[in-house]
Each structure stands twice: as structure tokens, then as C-alpha cells.
Amino acid sequence: SQLEMSRDKLKSKLFEAIGIIISECGDENWDGFGALPISPDSVRRMKEYIGDMFASKLFNFNKIKIGVTPWPTGDLSIDFLKRGQEGETLVSITPNEEDILYIARGKNLSRQGRSTHNINSIYELFKTYFGFQYGVLER
């Protein structure tokens, strides 16, 4: 289906972005301020995480911009941005060994914390911050 095609395309674009980040942020001090190189573990976790997310079918990425961001700590985060009448909502998720770190920002909202590293907990974050229409099961 058209939806499946666009999901596959989005997934490969994210993997492509990770490749670019590895080539640009693979050395010490890649930001000029002493950043650590992006770690192979971080890359592996992010690829697994993206794979799980796209395989789950829980997520409707319609009207949400998605990107991958390198951090000076050697980690990667995946960022979801939605623009609407009520302003912007951003959810940034960093998969770690044990759990995930998340940051959510939007109108009257600024929250960060930890959550268990599984798809259902991420789905709950999506429902909370993007509203139920962005957490509907795809048929």
C-alpha cells in the first residue's frame, strides 16, 4: 500500500541520516567543544529502536517530522515534531542500555524523564504528547 511504501521510505531515510551522522560525528571533538564520537552501541540501539517502531504498526507518523540528532555525549536521539494550531510539540527520545530518556516540549509543556525501553511505553509517550489521533492503530 501507499502507506507502507512511505513508511519504508521514511525508515530508510532515517538509516541514511544515521550513516551521515556517523561519518560527520565519528571523531573526538566533532562539534569543536570536546564532543565524544557517536558510539557504535548508540548506533546499534537507535537502528534497533527505529526497526521496532516501524515494525510495530502502532505509530501513525502522519504530519509529524522525524529526524535523528547526535549528542556530544556520544548518543543519538530520534526527534518527532508536530506543528498545529496550538503551536509546536517536540518529543526527543534517546535509547540507552537500560531505558530511554525523553524530552517533550510544547505549549504549556516541558517535561523530561526516563521510561522503560519498550515500544508500548513509547506509544504511551506519543499518545500523551501528540494526542490520541497520533497513536491510532493503523488498519
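## Confidence

The protein chain averages a pLDDT of 80, and 86% of the residues score at least 70; pLDDT is the predictor's confidence in each residue, from 0 to 100. This is a predicted model, in which local features need pLDDT of at least 70, side-chain atom pairs count only at pLDDT 80 or more, and totals for chains, interfaces and linings use all residues. Residues are numbered from 1 along each chain as its sequence is written, and side-chain values use heavy atoms, with hydrogens and water left out.

Over residues 132–139 pLDDT stays under 50, and the model has 21 contacts for them beyond four places in sequence (contact means heavy atoms within 4.5 Å). Where pLDDT is low, the predicted coordinates should not be read in detail.

Strands here are DSSP runs (E, at least two residues), numbered from the N terminus. S1 (residues 64–70) and S2 (residues 76–84) pair in the antiparallel sense over seven bridges; pairing takes at least two DSSP bridges between two strands. Val 68 has Ile 78 in S2 as its bridge partner. The two strands form a hairpin with five residues between them, and Gly 74 in the turn has a positive phi of about 95°.

## What lines the largest pocket

Residues lining the largest pocket include Trp 71, Asp 75, Tyr 102 and Gln 112. S3 (87–95), S4 (99–106) and S5 (109–116) each supply at least two residues of that lining, with the largest share, three residues, coming from S4. (A pocket is an open set of points on a 1 Å grid over the protein atoms alone where a 1.4 Å probe fits, with protein on both sides within 12 Å along at least five of seven lines; lining residues have an atom within 4 Å of a point.)

Notes: Helices (H or I, at least four residues) and strands (E, at least two) are DSSP runs, numbered from the N terminus.
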